[in-house]
Amino acid sequence: VAHFHRALKPHPAILEVAKRAAPPKPYGGVHLRLEDDLRGYAAFMRSRLGVRTNFELMARTKALEACAAGSTKLYVAVGLDVSNREDKKLLRAKKGPFGSTLVFKDGGEIARRFGEAAASVGAIVDTVVLADAAYYVGYAALSTFDRTLVDIRATRDQWDARLARPDNCTF
């Protein structure tokens with residue numbers, strides 16, 4: 001199952017969008033899980049961390065700081081339709097931990113080109129871009145998106161049936 005992603009190849013039009021969305025390497029990646037689609041899960045909504053807290057925790061993580069060395073851009077997988085005002089303001093300021101500049105995909109372009117499939121295409125673009133990040137921070141506890149990225153990053157260069165373990169730049 002962990003190698004299932006090898007059999008799935010996004011359409012060339014989606015890969016083209018992902019290539020334009022990705023900042024120059026090396027770059028970092030983060031999925032902040034700020035979207036409001038989990039409002040029905042009260043425990044998640046109460047414990048959800050905002051942008052400021054996420055970035056402060058990232059900045060205090062020594063192992064992450066070592067992974068971020070040389071990365072000036074931080075690709076953020078999140079829609080900018082975030083309802084929390086402080087989160088929205090911090091995302092629009094485009095300032096991340098370790099002196100990084102935040103980078104986002106062009107959701108408008110994706111909506112124009114892919115119509116009703118835009119949400120799914122956006123997730124595929126984020127997956128492609130984040131899989132190649134020098135470091136990745138996610139929320140695997142309640143996100144199949146994050147779990148998929150951990151598996152992709154863990155098995156990228158593994159071609160046998162050993163237990164997949166993420167490298168030390170996947171948090």
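Predicted model: local features only at pLDDT ≥ 70, side-chain atom pairs only at ≥ 80, totals over all residues.

Student: At what angle do helix 2 and helix 7 pack?

Tutor: Helix 2, residues 12-21, and helix 7, residues 107-114, pack at about 170 degrees, and their axes are 11 Å apart. Angles over 145 degrees count as roughly antiparallel, and helix 2 and helix 7 are therefore roughly antiparallel to each other. Their crossing is right-handed.

Student: Which residues make that contact?

Tutor: Helix 2 contributes Ala 13, Ile 14, Glu 16, Val 17 and Arg 20, while helix 7 contributes Glu 109, Ile 110, Arg 113 and Phe 114. By class, the contact of helix 2 with helix 7 has five nonpolar and four charged residues, with no polar ones.

Student: And how do helix 8 and helix 9 cross?

Tutor: The axes of helix 8 and helix 9 cross at roughly 35 degrees and come within 10 Å. This crossing, too, is right-handed. On the side of helix 8 the contact involves Ala 123, Asp 126, Thr 127, Leu 130 and Ala 131, and on the side of helix 9 it involves Phe 145, Leu 149, Ile 152 and Arg 153. Six of these residues are nonpolar, one is polar and two are charged.

Student: Turning to pockets, how much space lies in the second largest pocket?

Tutor: The second largest pocket holds about 530 Å³ of space. Its lining has 23 residues, and the closest to its centre are Glu 35, Gly 79, Lys 105, Ala 119 and Asp 126.

Student: Which helix supplies the largest share of the lining?

Tutor: Helix 8 does, with five residues.

Student: What is the make-up of the lining by class?

Tutor: The lining of the second largest pocket divides into 11 nonpolar, six polar and six charged residues.

Student: Now the backbone: where is the cis peptide bond that involves Pro 26?

Tutor: The cis bond joins Lys 25 and Pro 26, with omega at about -5 degrees. Pro 26 lies in the loop between helix 2 and strand 1, the latter being residues 28-30.

Student: What about phi at Arg 33?

Tutor: Arg 33 is not a glycine, yet its phi is positive, at about 55 degrees. Most residues other than glycine have a negative phi, and most peptide bonds are trans.

Student: Where does Arg 33 lie?

Tutor: Arg 33 lies in the loop between strand 1 and helix 3, the helix of residues 42-47.

Conventions: Residues numbered from 1 in each chain as written. Heavy atoms only, no water. Axes fitted to C-alpha atoms, helices over the stretch in contact; angles between N-to-C directions. Helix = DSSP H or I, 4+ residues; strand = E, 2+ residues; numbered from the N terminus. Parallel < 35°, antiparallel > 145°, perpendicular 65-115°, else oblique. Left-handed = near helix turned anticlockwise from the far one by under 90°. Contact = heavy atoms within 4.5 Å. Nonpolar A, V, L, I, M, F, W, Y, C, P; charged D, E, K, R; others polar. 1 Å grid on protein atoms, 1.4 Å probe; cavity = no way out; pocket = protein on both sides within 12 Å on 5 of 7 lines; lining within 4 Å. Points joined across faces, edges and corners; volume = space filled by probe spheres on them.
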